Amino acid sequence: RLVDTVPTPPADISWSGDKDGRAGWVSGEVLVHPGKTEAGIEWYVVYWLDTETLEKGEELARAPPKGFGIPVAMRLPFGTKAAGKAIVAVSAYPWGEMEGPSA
């Protein structure tokens with residue numbers, strides 16, 4: 001059976017704000033809002049984003065889609081090293097990733 005999957009990036013990403021008051025460290029919750037379809041998506045993945053080169057850095061978190069357009073929450077635990085000024089969310093498929101919004 002052949003199934004046509006149109007890759008879809010996340011529609012939006014939001015950040016709860018830093019709950020770790022120490023300089024150079026972060027903690028909080030990232031909320032990934034699904035795009036039009038989640039067909040074929042294995043994971044949502046959040047990376048640090050280099051705001052100058054727009055290249056993805058270290059992976060911060062990943063979670064499977066919930067389906068039905070339900071946003072996916074990913075917790076960054078206390079003591080997560082800050083390795084960038086922004087984050088980006090991607091939809092991960094078996095063949096690769098589709099980049100979405102940054103925060």
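Contacts along the chain come first. Count a contact when heavy atoms lie within 4.5 Å. Among contacts between residues at least 6 apart in sequence, 60% join residues at least 24 apart.

A word on what you are looking at. This is a predicted model, where local features need pLDDT of at least 70 and side-chain atom pairs count only at pLDDT 80 or more, while totals for chains, interfaces and linings use all residues. Residues are numbered from 1 along each chain as its sequence is written, and side-chain values use heavy atoms, with hydrogens and water left out.

Next, the secondary structure. The chain has seven strands and zero helices; here strands are DSSP runs of at least two residues (E), helices runs of at least four (H or I), numbered from the N terminus.

How much of the chain is buried? Of the 103 residues, 33% are buried, meaning under 20% relative accessible area with a 1.4 Å probe, protein chains only.

E6, residues 86–93, and E7, residues 96–102, run antiparallel and are joined by five bridges; two strands pair if DSSP finds at least two bridges between them. The two form a hairpin, with two residues between them. Within this pair, serine 91 stands opposite methionine 98 in E7.

Notes
Buried means under 20% relative accessible area, exposed over 50%, partly exposed in between (1.4 Å probe, protein chains only).
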